[in-house]
Amino acid sequence: MRLEPRESVALAWQIGAPLLAVIASMAVCSGLILWAGASPLAAWGLLLKGALGSTFALTETLTRATPLIFTGLAAAVAFRAKLWNIGGEGQFYVGACMATWLGTGMITLPAWLMIPFLFLSGALAGGLFLLIPTWLKTRLKVDEVVTTLLLNFVVLLVVNWLVFGPWKDPMAMGWPQAAPVIDQAMLPVLVPKSSLHLGFILALACAFLIWWMMRFTIWGFEIRAVGASLKASTFAGMPVQATIVRTALLSGGLAAMAGVTELCGVKGYLTLDLSPGFGYSGIVVAMLAALHPLGVVLSATFIAVIYIGADSMSRAINISNYIADVTTAVSLLTVLLAMFLTRYRIRWK
Amino acid sequence: MSITPLLRLSGITKTFGPLKANDDISLTLAQGEMLALLGENGAGKTTLMSILFGHYVADDGSVEVLGRPLPPGSPRAALAAGIGMVHQHFTLADNMTVLENIMLGTEPLWAFRRGSARARAKLGSLMDRFRLRVDPGAKVRALSVGERQRVEILKVLYRDARILILDEPTAVLTPQESDHLFATLRELVNQGVAVIFITHKLREVMAASDRCVVLRHGRVVLEAATKKTSAEELARAMVGASIPQATRVTLAPGEEVLFLDRVRADAPDRGPGLRELRLSVRAHEILGIAGVSGNGQALLADLLSGLVAPTGGSVVLRGQTVSRLTPAAMIRAGVGRVPDDRTGTGLVADMTVMENLSTEIYRLPGFSKRGMLNFKALASRAAQLMDVFDIRCAGPNAPVRKLSGGNMQKLILARVLSQGPHLILANQPTWGLDVGATAAVHQHLLDAARRGAGIVLISEDLDELFELSDRIQVMYQGRLSAPENTATVDRAKLGLMMSGQNVDTRGAA
Amino acid sequence: MDILSLFLETGFWLATVRMATPLIFGTMGELICERAGVLNLGIEGIMAAGCMAGWTWVYLGGTLWGGVLFAACVGAALGLLHAVFTVHLGLSQHVTGLGITMLGASLSSFVFRMVLPQVTTPPKIVPFAPLDIPVLSSLPFLGPVLFSQTALTLLAFILVAITAYVLLRTPLGLALRMVGENPLAAEAQGLSVLALRTGAVMVGSAFMAVGGAFLTLAAFDAYYIGMVNGRGWICIALVVFSSWKPGKALLGALLFAAFDAIQMRVQQQSISAIPYQFYLMLPYLCSILALIAMSRKAAYPKALLVPFRKGER
């Protein structure tokens with residue numbers, strides 16, 4: 001087997017690659033569906049229907065996509081600068097904790113101030129939190145993949161202590177959860193009788209802003225240059241340290257905003273299962289979108305479709321809804337493969 | 001009486017995308033013969049030898065050793081057939097010992113233990129036989145460049161090679177070390193080994209080889225017994241036309257643009273630091289820094305680029321002492337830097353031509369405003385530079401990694417020279433470039449000097465230094481010799497200074 | 001009763017050695033991969049897969065050693081997948097590893113739920129019994145602590161010795177180390193970089209999976225989702241901490257397991273006013289500290305994370 005670099009890549013290929021990856025992963029998972037004794041076509045049909053087949057389904061899907069857009073953007077921004085932020089999960093909870101601390105009665109503001117206030121303070125907390133492993137990377141050359149990962153476990157344990165301990169809501173009949181946020185902090189619902197909330201619009205706005213920043217501003221240029229070649233951008237006199245700090249604050253902030261949005265838009269109070277792995281799924285979202293901020297919206301929706309659809313599919317046929325996690329994981333691998341195939345041709349000898 | 005040649009290549013053809021690196025090449029090698037493979041950079045010499053050794057597979061053609069065909073694409077088969085290669089970039093593991101590097105791959109993988117004692121004995125007898133001494137227990141990172149090359153040669157001899165290929169072996173040696181190397185090679189030839197050495201240095205070919213083959217654009221254009229040809233004929237064959245010579249005009253030097261006053265710098269585990277460097281460059285002047293790599297040139301280049309801060313002494317640019325040394329500060333102070341590593345340090349390989357042209361100026365007023373990039377201004381500047389500097393590419397949005405080495409260097413020069421620098425640092429500016437691109441780079445540097453810049457030219461190529469510089473200093477173990485006038489200095493003396501003898505370290509300006 | 005007297009208790013050390021076992025397997029596995037130049041971030045998922053595979057084999061009627069072997073095969077298969085992506089195609093080792101971790105974890109959960117759809121308490125299997133070796137088990141201190149452990153623990157210690165010997169004293173080990181330092185040098189000496197790296201990743205992943213299987217087949221006797229609980233990531237930190245040396249890795253694993261044992265004892269006996277969650281954090285925080293301590297002067301295998309593309313020079 002020999003690898004030959006392709007001369008040029010048609011744009012169609014570049015957009016088609018993630019699409020192909022998605023189809024390939026669904027094909028692979030069809031094997032599992034067959035093993036479970038169901039028909040793949042029927043199963044995927046149920047999945048799509050469960051995610052997109054009615055207004056209610058659609059709102060559920062978009063609600064599920066909202067935190068994924070935030071964590072996807074967080075991963076996309078960081079990965080662009082070659083900052084391997086795998087700590088989205090922990091930063092999510094940092095944001096949720098910050099919003100719980102400030103939003104359950106400590107500070108009361110009218111809604112139009114309260115919501116931005118919680119988002120910004122959550123983002124700040126998340127950004128500063130990511131600065132710790134980032135600083136370890138730039139100053140002490142400690143690989144950030146493992147440190148951000150390990151911190152996820154630490155944060156989860158802190159949340160565990162908080163909801164079982166000092167923040168335990170006495171009025172929750174024994175369930176481990178914190179007190180609910182005040183009414184002014186709750187995000188208004190967009191579609192009546194659904195769970196789709198303002199957070200979705202905020203997520204779209206963030207995606208647009210990030211795209212605009214990366215494409216048109218000097219900070220976006222610097223992030224891309226630092227990620228593409230640390231040595232060359234240092235040599236060219238770019239403010240590399242400042243760029244990495246900016247990237248960390250932005251990435252951690254976005255992941256934390258995912259936490260704020262789930263807290264104030266869906267649940268209303270902090271629990272241990274506020275995130276079923278949004279941080280990790282965000283990485284897949286970012287890779288599927290080839291780190292493109294606008295693409296993140298699409299891939300986040302796709303992942304949301306998989307999860308919501310799998311829930312309803314598993315209710316109808318006898319398949320564990322873990323199939324969604326498997327599909328997501330396989331997508332990550334197939335998208336790597338697809339992007340590779342757009343750059344290289346495989347020659348068999 | 002026809003003797004089967006030791007080695008025969010027939011009709012070797014190899015294409016990389018649109019580039020035909022080797023075009024129907026045939027050549028033979030007899031036992032006990034020293035063959036020089038000549039050509040300028042990019043002619044296809046390394047590709048041909050890589051095919052011979054099995055790193056690449058030829059698209060067409062065959063290789064025979066003593067009449068038996070050699071299976072392609074397998075270094076193991078080549079080694080078994082007695083072919084050994086000393087690569088241009090040494091294939092040694094720094095963190096492992098000499099003995100380990102040499103023993104690698106010589107024993108069956110499933111053996112229970114390594115025969116270190118036996119290997120040491122065999123290595124010892126080889127070292128005696130060929131007079132090549134190295135300490136087998138030393139870690140490679142502690143060895144000098146010359147010693148590493150000795151390890152590479154011993155590695156090949158250890159495997160009983162009867163055909164020895166050397167790729168640009170003297171690129172990293174002092175003139176004296178080169179002489180010693182060729183003496184060793186001649187000894188090897190006398191003991192029955194056949195040698196092919198790749199070079200672009202005519203002097204070596206005329207002095208050392210029995211036969212020579214010239215490649216140009218992937219084809220054999222000349223094959224002759226060395227005694228029956230001349231340097232001029234070979235040069236003409238290599239280039240195919242008259243070599244464009246850059247014209248040097250010596251101008252009266254102007255004000256002092258750079259003064260290094262007893263500068264000290266440290267680079268942990270990167271060789272000797274800089275010790276009490278004294279250096280002065282004036283406007284209109286080119287100062288050449290000669291020396292074998294590993295003596296502190298990289299550190300000096302990093303210092304002048306703003307990447308490393310001195311631990312003592314001061315750096316004075318046009319009369320102003322630089323307080324904080326950073327790349328941005330140097331750029332602002334009018335220092336243009338052409339780094340030796342084009343693709344790693346000089347350019348962001350994954351970005352476009354326009355973006356790379358903009359990396360040092362995008363924050364300046366006119367090119368950005370309140371954080372927003374002014375694409376129109378950047379694009380028009382890029383178009384202008386691409387035109388003036390003749391950067392051949394598919395357009396301003398072409399990815400830089402697709403450019404040839406020469407065009408990459410033109411891009412870097414365009415970026416540097418368009419800012420009108422007072423001081424230019426040129427570090428190995430023509431490494432890996434063909435004659436045409438080299439001449440273009442030289443011309444740009446000379447023009448810049450004529451316009452008023454002072455240039456520090458660091459190069460391992462003495463010819464280049466003699467062609468361009470007004471004065472030369474030799475770097476050895478972190479110290480600089482006193483500057484000598486290029487027109488009057490003795491080349492052999494420089495060679496000695498490069499290996500540490502007769503270095504007058506006062507280096508007074 | 002204070003913490004210091006803990007160290008005098010045989011029971012404490014017994015627990016330490018037992019809890020160190022999955023860390024030893026995992027760290028050895030990762031060490032082999034990294035010495036050959038491949039960062040295997042799939043370790044967490046491979047351990048989860050091994051965990052589940054071993055348990056499933058036994059639950060469905062197989063023998064314990066059969067379960068271990070099956071887990072090793074599953075690990076090697078995931079290792080092969082990793083190698084195809086990173087070694088043969090030269091794709092990002094970071095992303096591939098994360099993908100394999102997610103795949104291993106999600107597949108384990110999925111298969112477990114399909115095998116046992118509606119269970120609240122996971123069914124138990126009969127795990128490895130502690131060994132009873134004739135003379136050795138009755139030695140004071142070493143007897144219970146080392147020689148009365150399960151066979152898998154003993155296997156872990158033996159594996160450390162074998163790994164050290166192979167890496168440092170055999171031609172295969174030399175070739176593996178060279179491939180992690182300068183793959184071009186290995187190729188120039190006629191070795192196949194791709195084959196060596198692939199083999200290293202497969203063997204390393206098999207070790208990791210056995211470490212996971214230990215959790216269900218020896219340490220506990222049931223499987224529950226999330227059992228591995230970050231041990232894989234701790235192993236990655238341990239490899240750096242050990243400077244890629246098997247002996248040091250063994251010591252590191254024991255050190256970490258000791259922390260874990262302390263934390264468990266403190267929890268059980270409520271010796272402290274600090275909430276137990278903070279003790280549970282210790283292994284992760286210590287891993288970060290270990291990385292900080294060692295990263296400065298870390299003697300990374302020089303070709304770690306650098307893909308090798310044949311014919312591209």
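Which residues of chains A and B form one aromatic cluster? A:Phe208, A:Trp211, A:Phe216 and B:Phe375 do.

The model is predicted: local features need pLDDT of at least 70, side-chain atom pairs count only at pLDDT 80 or more, and totals for chains, interfaces and linings use all residues. Residues are numbered from 1 along each chain as its sequence is written, chains are lettered from A and ligands numbered from 1 in the order in which they are written, and side-chain values use heavy atoms, leaving out hydrogens and water.

**Exercise 1. Classify the ring pair B:Phe16 and B:Tyr56.**

Step 1. Apply the cut-offs: rings of Phe, Tyr and Trp (its six-membered ring) pair if their centres lie within 6.5 Å; planes under 30 degrees apart are stacked, over 60 edge-to-face, the rest tilted. The whole structure holds 21 aromatic pairs over all chains.

Step 2. The centres of B:Phe16 and B:Tyr56 are 5.4 Å apart and the planes stand at 75 degrees, so this pair is edge-to-face.

Step 3. B:Phe16 is in strand β1 (residues 7-16) of chain B, and B:Tyr56 is in the loop between α1 (45-53) and β4 (60-65) of chain B, 40 residues apart. Helices (H or I, at least four residues) and strands (E, at least two) are DSSP runs, numbered from the N terminus.

Step 4. Check exposure (buried is under 20% relative accessible area, exposed over 50%, partly exposed in between; 1.4 Å probe, protein chains only). B:Phe16 is partly exposed at 32%. B:Tyr56 is buried at 10%.

**Exercise 2. Describe the setting of α1(B).**

Step 1. Eight of the nine residues of α1(B) are buried, so this helix is largely enclosed by the rest of the structure.

Step 2. Among the buried residues are B:Leu48, B:Ile51 and B:Phe53.

Step 3. B:Gly54 follows α1(B), with a positive phi near 100 degrees.

**Exercise 3. Trace the open sheet of chain B.**

Step 1. Six strands run in the order β6-β7-β8-β3-β9-β10 (chain B), with mixed pairing. Two strands pair if DSSP finds at least two bridges between them.

Step 2. Find the edges: β6 (83-86) and β10 (219-225) of chain B each pair on one side only.

Step 3. Take one pairing. Strands β3 (residues 34-38) and β8 (residues 194-199) of chain B pair in the parallel sense over five bridges. B:Leu37 has B:Ile198 in β8(B) as its bridge partner.
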